[in-house]
Amino acid sequence: MLDYNKYLRQQKFPLIWCAGCGDGIVLKSMLRAIDKIGLSKDEICMVSGIGCSSRLTGYVDFNTLHTTHGRAIAFATGVKMAKPEMHVIVVTGDGDATAIGGNHYIHAARRNIDISVILFNNNIYGMTGGQVSPTTPIGSRASTAPFGNPENSFNISGLAEAAGASFVARGTVHDALILDKYIEKAIRKKGFSVVEVMTPCPTAYGRRNRIGDGVAMIKDLKEHSVSVRKASKMSEEELNDKVVTGILVDRERPEYTDNYNKLIERVKGSNS
Amino acid sequence: MKQKNDQFEVKVITGNEACAEGALAAGLRFFAGYPITPSSEIAEILSMRLPAVGGKFIQMEDEIGAMGAVIGASLVGSKAMTATSGPGFSLKQENLGYAAMAEVPCVVVNVMRGGPSTGLPTLPSQSDLMQARWGTHGDHPIIALCPHGVRETYDLTIRAFNLSEKYRVPVILLLDEIIGHVNEKVIFDKKEKFELWQRETPDVPPENYLPYKFTESDVPPMVSFGKGYRFHVTGLVHDETGFPTNNSEQIIKFLQRLNRKIDRYADDIIQVHEDSEEGAKIGLFAFGSTARSAKNAVNLAREKGVKINFIRPTVLWPFPQKHVARLADQCDCIIVPEMNLGQMAHEVEWASAGKTEVIKVNRIDGEPIRPSEILDAIMERV
Ligand code: SF4
């Protein structure tokens, strides 16, 4: 079994995450994927924004960059461009990446820059106390949606696909071992990749919406998730309250830092 | 336009061009920007020039992202810059504060135009002076430079990089629409060598490295990501290790050092051009493009036999308090012309501590202050 401690800054424990929070499951899954690929700790730059999941960068022994709210992908873009040999992994949440940081998210996907985004989707702003997020389902309760959320929610994987990402997968903390594979594939993929992980926030979402504690929420996740294959045979109505999991996109597209390096070679060539 | 011989190169270029060239001479290797008048030429030139030196240019999706990308690039060791103007400068503030907090060297150019809001996009102004100092929230260190001509833009751009590397601080270069767009003859001495400063790197192995160590100099040594020193960078208040802290003693220690590191070196950072006359009772304080009119007004006044003490700072932040205090001791008044409603006059008043009268000469209509307007203010005091 993998010795997780090899990758952790144990002196920074205990974690700030609540009991029953799904974020720790994703953390372990990420570490298994990184270990499987065999990346050295020095060649990884892990960048995060603001929120519960974004605190992850404080606990892992890589080059870690905890940025401003929504801007992780923008900082990561600078890191990756200036040092393309670095493996740049972004840790972010639904509010961080698709509300305040939505612009960076779609444009990084459009450029198809070689950054892997692990997007913790818990359908809520956990750290600030349970405010409604772009992925809070319509009708659900949040501290700023006391009568039920009147807004439609985002399909954030679909957004990454439409914007041009090379690889998009959606998994849940219920199926953590499958998640390992998605994360591994995302990191290996040359291009912009997103793994949207459905993860429970019992404290700020589960309680208010009467789903229950972390365990109950994970069970609930299991009941509501269907594979892409199954989903393709289901009607839109049947899919209404479902989470479609699996590899949603895996395609070859020109990658941005590669393109830029070719441009440099071309310019240098024509100058000499 | 170019003329060449073996030793000198004569060029007619704009301030924006000089800024881009100065940045390259300083070792710029990463630029992220967003189109905005009147700074866009800086991005355009660098999109053309950077690839040839192996550098990277990116037009980001917005100003906020551009500032973020600049910080990311600096953390992996590239000299990095962005350029913008008023509304864009407002958007930079969030991550400018991050750069100040995390002590990430970078240069931010603001080619000032009339504000507030969208204001006067194609007309000059000097109304972002206070924003340059206090635009981002919280007590933070900052350096802001302000050239009055094209050649000086080149030199101060190099200096901006040097200061940012030396003190691990974002440095703001305040041009204005006049300086950005005016064409001037600039003579480059090809043999001239510029001293280039690099951030101090640690002399300890990774296991002993403290990224925010309290050192005698107050500026902790900095190593780039990817060099075997794995550390944490955050915008949260942190201790020497770089990790967040809520410990009162640590918070005070850190925030005091962060601000002290510029305060204590103010004398080394500040540069003021002084043109004084024995016995002059009229003081004049001008900077940026307004200093050009001020120089002209000084010459006209001297032709009339009026004595003037003229000071022209090229560093606005930290504020040249001692120079102004001296001027206040010598003179009965200090005239402060500026293209705003009196932002620097306010600082001059504070620095002169009631010892002299501060006279404002202001324009806010996007027109430069003319020499005659400054001369009138001078002659009223004769
Ligand atoms: S508030 Fe929610 S997301 Fe945040 S740590 Fe607690 S359970 Fe996890």
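What follows is a walk through the contacts and salt bridges of a predicted model.

Start with where the two chains meet. Chain B puts 39 residues in contact with 39 residues of chain A, and the pair buries about 3200 Å² between them, 60% of it on carbon and sulfur atoms. On the chain B side, Lys56(B), Glu61(B) and Arg230(B) lose the most area to chain A, together giving 22% of what that side buries. Four salt bridges are counted between chain B and chain A. Glu61(B) turns up here too: Glu61(B) forms a salt bridge with Arg111(A), with 2.7 Å between the closest N and O atoms.

Gln126(B), Leu129(B) and His148(B) account for 33% of the area that domain 1 of chain B buries against domain 2, more than any other three residues. Two salt bridges are found across this domain interface.

As for individual pairs in chain B, Glu184(B) and Arg292(B) meet through their side chains in a salt bridge (2.4 Å, N to O). Another pair is Arg312(B) and Glu152(B), whose closest N and O atoms are 2.9 Å apart. That one links distant parts of the chain, as Arg312(B) is in strand S14 (residues 308–313) and Glu152(B) in helix H6 (residues 150–167), 160 residues apart. Both Arg312(B) and Glu152(B) are buried. A further salt bridge joins Asp365(B) and Arg363(B) (2.7 Å, N to O); Asp365(B) is partly exposed at 37% relative accessible area, whereas Arg363(B) counts as buried at 19%.

Over in chain A, Lys189(A) and Glu252(A) form a salt bridge (2.8 Å, N to O). Lys189(A) lies in the loop between helix H6 (176–188) and strand S8 (193–198), and Glu252(A) in the loop between strand S10 (243–250) and helix H11 (256–271), so the pair ties together parts that are 63 residues apart in sequence. Lys189(A) is buried at 11% relative accessible area, while Glu252(A) is exposed at 69%. Over all chains, the structure holds 39 salt bridges.

On the nonpolar side, Ile16(A), Ile50(A) and Met127(A) make a surface patch of about 230 Å². Met127(A) sits in the loop between strand S5 (124–125) and strand S6 (131–132) of chain A.

Methods: Residues numbered from 1 in each chain as written. Chains lettered and ligands numbered in written order. Predicted model: local features only at pLDDT ≥ 70, side-chain atom pairs only at ≥ 80, totals over all residues. Heavy atoms only, no water. Patch = residues over 30% accessible without salt bridge, like charges linked within 9 Å, V, L, I, M, F, W, Y side chains within 5 Å. Areas by Shrake-Rupley, 256 points an atom, 1.4 Å probe, with all protein chains shown as cover. Helix = DSSP H or I, 4+ residues; strand = E, 2+ residues; numbered from the N terminus. Buried area = accessible area lost by both parts, 1.4 Å probe. Contact = heavy atoms within 4.5 Å. Buried < 20%, exposed > 50% of the residue type's maximum accessible area, 1.4 Å probe, protein only.
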